[in-house]
Amino acid sequence: MDQAMSDLHQYLSLPTISAQAAAIPETVKLVEKMLQDTGGEARILDGLGGNPVVYGFFPAGRDGNSNTTLLFYNHYDVQPPEPLDEWNTPPFHPTVANGHLYARGAADNKGDFIARLTAIKVLNTIEGGLPCNIKFLIEGEEEIGSPNLEPYLAKYKELFKADACIWEFGSKDEKNRVSMVAGVKGMAYLELTCTGADIDMHSSVGAYVDNAAWRLVQALASMKSKTNEILVEGFYDGVTEPTEEERKVVQGLPFDEEAVGQLYGLKRPLITKDTGKDPRIAMVFEPTMTICGLESGYSGPGAKTVLPKNAKAKLDCRLVPGQDPNHILERIQKHLIDNGFTDIKAEMINGQKAYRSDFNHPFVHHVLDTAVKVYKSDVILAPNAAGTGPMYIFGEKLNLPIVSTGIGWAGSKAHAPNESIRLKDFEQGVVHMAFMMATLHTAIHPAL
């Protein structure tokens, strides 16, 4: 643990912000060095656009089975730390207090990478060495939507070939239950822009000049009903319905409405009350449309009587298996035209498809079973997360089952100020990964 914490502190001290192209080269070199110091092979893959991808390889030990290979997916980039004034400690000065480690990237995702390297070190201390081959793919653009990852997986498909994959994230919930997923939602992240003039105007001309902000608000309102039903024709095209088994699993997931309200300080009832839907079913199996941000005119202190020249909105559509982000963009563009909003442009910022592993695959059951034995508590495994990542590319290119589990906790605050992990969760995560790898071969290849 002492060595692991030293490595993690060094890693977290680098402000590796992909959105700002900050500290990328030095972080790549550090990741390469940590792989090599752990006894593995490391290669920096570059030249296909974007930030480099780091490949790591650890061969099975003398008593291990080289016919089985596990792939770990991690990312070395982190979210911007702003707003800085809400941090209790400097975001890139790792600080331990009351059993917690605070720093940007502690939970998402630098802590998980160090935990997995530490598990390899643990297994290497056992006579006979690693029980299987282990590979790593560590990318540097996950926090900006992994826009350049697909070419690397296409070109280096054989290099990253594996039997199964452990994904980047996971956490304990508010009741300390370990939560894992076997898939993710997709996403169509759009920017909508309405331009009404070349300059901002005095608000008095609102008597005869149209208002870009009102136009955009009205366009947004046309896409969703007051009961939060998405009204864009064709939005649900291609949706793959969950199996009965998947539906039963999700209906059995714990959900505490009161705890959720307290966690976020909610001021309104859940929107599923209007539709009578089960929040768990909606979270896992249904697509969403969310306004993430609005920008127009003046929003500073006091009054400024202005008619804005333009207005922008960020729109986040979370997608389920079967939906195509490009189709979602086309449907929204057609909706705007059909409803008279021809002056509003919709552009894709980031698009990713959803992915869901075969819930009956032996690897999925193996990760769950070993977690139950290590954590000695309830373990929750859902068909997919409500969030998004480039998992579909892995499933498509490598054709392998994927389970996401990690060392976070309900208060980790990933993407928010005061991000943290608990040291005890880190240690348990190391043990789980080591124990899971130790029996992986017989679990997924019982006949061999």
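The questions and answers below go through a predicted model.

User: How many aromatic pairs does the structure hold?
Analyst: This model is predicted. Two rings pair if their centres lie within 6.5 Å. The number of aromatic pairs in the structure is 9.

User: What kind of pair do Tyr55 and Phe160 form?
Analyst: Their ring centres are 5.5 Å apart. Their planes stand at 75°. Planes over 60 degrees apart count as edge-to-face. So the pair is edge-to-face.

User: How many residues apart in sequence are the parts that Tyr55 and Phe160 tie together?
Analyst: Tyr55 lies in strand β2. Phe160 lies in the loop between α4 and β7. So the pair ties together parts whose separation in sequence is 105 residues.

User: Is Phe160 buried or exposed?
Analyst: Buried means under 20% relative accessible area. Phe160 has a relative accessible area of 0%, so Phe160 is buried.

User: Which elements hold Trp167 and Phe394?
Analyst: These two form an edge-to-face pair, 4.9 Å centre to centre, with 85° between the planes. Both residues are buried. The parts they tie together are 227 residues apart in sequence. Trp167 lies in strand β7, and Phe394 lies in helix α12.

User: Which residue lies over the face of Tyr11?
Analyst: Tyr11 forms one aromatic cluster with Phe58, Phe72, Phe113 and Phe136. A charge sits over a ring if it is within 6 Å of the ring centre and within 35 degrees of the ring normal. At 4.9 Å from the centre of the Tyr11 ring lies Lys110.

User: Which elements give two or more residues to the lining of the largest cavity?
Analyst: The structure holds 3 cavities of 30 Å³ or more. The largest has about 70 Å³ of space. Its lining includes Asp112, Arg116, His432 and Met433. The elements that give two or more lining residues are α3 and α13.

User: How many charged residues are in the lining of the largest cavity?
Analyst: Sort the lining by class. There are 4 nonpolar residues and 4 polar residues. The charged residues number 2.

User: Which element gives the largest share of the lining of the second largest pocket?
Analyst: That pocket has a volume of about 370 Å³. It is lined by 18 residues, and Glu150 and Lys353 are among those nearest its centre. Two or more lining residues come from each of α10, β16 and α12. The largest share, 5 residues, comes from β16.

User: Is Arg177 buried or exposed?
Analyst: Arg177 is found in the loop between β8 and β9. Leaving aside neighbours within four places in sequence, its contacts include Pro254 and Asp378. Its relative accessible area is 15%, so Arg177 is buried.

User: What separates the C-alpha atoms of Val28 and Thr16?
Analyst: Val28 is found in helix α2 and is buried, with a relative accessible area of 4%. Beyond its neighbours within four places in sequence, Val28 is in contact with Ile44, Pro52, Val54 and Tyr76. Thr16 is 12 residues away along the chain, and the C-alpha separation is 9.5 Å.

User: Which residues does Tyr392 touch, not counting residues up to four places away in sequence?
Analyst: Tyr392 is found in helix α12. At 27% relative accessibility, Tyr392 counts as partly exposed. With that sequence limit, the residues touched are Lys353, Ala354 and Tyr355.

User: What is omega for the bond that joins Glu82 and Pro83?
Analyst: Most peptide bonds are trans. The bond from Glu82 to Pro83 is cis. Pro83 lies in the loop between β3 and β4. Omega for this bond is about 0°.

User: Where does Asn109 lie?
Analyst: The peptide bond from Asp108 to Asn109 is cis. Its omega is near 10°. Asn109 lies in helix α3.

User: What is the phi of Asn418?
Analyst: Most residues other than glycine have a negative phi. Asn418 is found in the loop between β19 and β20, and at 11% relative accessibility it counts as buried. Its phi is positive, near 65°.

Terms used
Residues are numbered from 1 along each chain as its sequence is written. This is a predicted model: local features need pLDDT of at least 70, side-chain atom pairs count only at pLDDT 80 or more; totals for chains, interfaces and linings use all residues. Side-chain values use heavy atoms; hydrogens and water are left out. Rings of Phe, Tyr and Trp (its six-membered ring) pair if their centres lie within 6.5 Å; planes under 30 degrees apart count as stacked, over 60 as edge-to-face and the rest as tilted. Helices (H or I, at least four residues) and strands (E, at least two) are DSSP runs, numbered from the N terminus. Buried means under 20% relative accessible area, exposed over 50%, partly exposed in between (1.4 Å probe, protein chains only). On a 1 Å grid over the protein atoms alone, a cavity is a set of points where a 1.4 Å probe fits but cannot get out, and a pocket is an open set with protein on both sides within 12 Å along at least five of seven lines; lining residues have an atom within 4 Å of a point. Grid points are joined across faces, edges and corners, and a volume is the space filled by probe spheres set on the points. Ala, Val, Leu, Ile, Met, Phe, Trp, Tyr, Cys and Pro count as nonpolar, Asp, Glu, Lys and Arg as charged, and the others, Gly among them, as polar. Contact means heavy atoms within 4.5 Å.
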